[in-house]
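Subject: A structure for you to look at

Hi,

Here is the structure I promised to pass on.

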Amino acid sequence: MSALTANYPLELPYWRAVKPTFVNFAQLALRVALAVPFYRSGLTKWDGFLNLSDSADALFSDEFKLHLFGGEYAFPAPHAMAFASGCMEILLPILLVLGFGTRLAALGLLGMTAIIQLTAPEGWANFHLIWAATALAILVHGPGAFSLDALIGRAFGSSLAKRGS
């Protein structure tokens, strides 16, 4: 008996059978929960395919400031930052929901959360902390079985393991 199960001796007998399914659904739920707010924000930045909206450009040029070391500073290259933000807010959530390059997508959204925190520090308790914790959980626990990463791993895992040895 492991130290973990020793603390929970009243574990239901069927839990071991259903736990993997619950874990995989939880990992899928984490991926979707993190993807939705970023994707919805990304949709507001575009007026068509690769056509950045004027409002997104204005936000990064005029409205958004980086809060660093007690001061407020303009974003460097605001148009490029708006374009990159809009692209990543669409691409990374799609990858996350599909479970393709999941840990890399979660790392990208964790980085975006850090930039958002520096831009809007008042959102920490209500949004940014939850996004950061969700991204970290995905980084640590991976995408789960309901993902393209897992499907690719199952399809090529044995042949990749043979090549590595």
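This is a predicted model: local features need pLDDT of at least 70, side-chain atom pairs count only at pLDDT 80 or more; totals for chains, interfaces and linings use all residues.

Leaving aside its neighbours within four places in sequence, which residues is serine 53 in contact with?

Residues are numbered from 1 along each chain as its sequence is written, and side-chain values use heavy atoms, with hydrogens and water left out.

Back to serine 53: apart from neighbours within four places in sequence, its contacts are Thr44, Lys45, Trp46 and Asp47 (contact means heavy atoms within 4.5 Å). You'll find serine 53 in the loop between helix 2 and helix 3 (54-63). With 3% relative accessibility, serine 53 counts as buried (buried means under 20% relative accessible area, exposed over 50%, partly exposed in between, using a 1.4 Å probe and protein chains only). The serine 53 side chain also reaches the backbone nitrogen of alanine 56, at 3.2 Å. Leucine 50 sits in that loop between helix 2 and helix 3 too, and its phi is near 55 degrees, a positive value in a residue other than glycine.

Now the whole chain. It has seven helices and two strands (these are DSSP runs, H or I of at least four residues for helices and E of at least two for strands, numbered from the N terminus). Along the sequence the pattern reads α-α-α-β-β-α-α-α-α. Of the 165 residues, 27% are buried. If you take contacts between residues at least 6 apart in sequence, 67% of them join residues at least 24 apart.

Next, a helix pair. Two packed helices are described by the angle between their axes and the distance between the axes. Helix 2 (residues 15-43) packs with helix 6 (residues 124-141) at an angle of about 140 degrees, and their axes are 10 Å apart (axes are lines fitted to C-alpha atoms, for helices over the stretch in contact, with angles running from 0 to 180 degrees between N-to-C directions). Helix 2 and helix 6 are therefore oblique to each other (under 35 degrees counts as roughly parallel, over 145 as roughly antiparallel, 65 to 115 as roughly perpendicular and the rest as oblique). On the helix 2 side, the residues in this contact are Gln27, Leu30, Arg31, Leu34, Pro37 and Phe38, and they meet Trp131, Thr134, Ala135, Ala137, Ile138 and His141 in helix 6.

- Alanine 77 lies in the loop between strand 2 (71-74) and helix 4. Its phi is positive, about 45 degrees, although alanine 77 is not a glycine. At 48% relative accessibility, alanine 77 is partly exposed.
- Methionine 81 belongs to helix 4 (residues 78-98) and is partly exposed, with a relative accessible area of 30%. Beyond neighbours within four places in sequence, methionine 81 is in contact with Phe60, Phe75 and Pro76.
- Threonine 119 is in helix 5 (residues 102-119) and is buried, at 13% relative accessible area. Leaving aside neighbours within four places in sequence, threonine 119 is in contact with Phe64, Lys65, Leu66, His67 and Phe75.

Cheers

Technical notes. A polar contact is a pair of N or O atoms within 3.5 Å; within protein, one must be able to donate a hydrogen and the other to accept it, and residues adjacent in sequence count only if both atoms are side-chain atoms.
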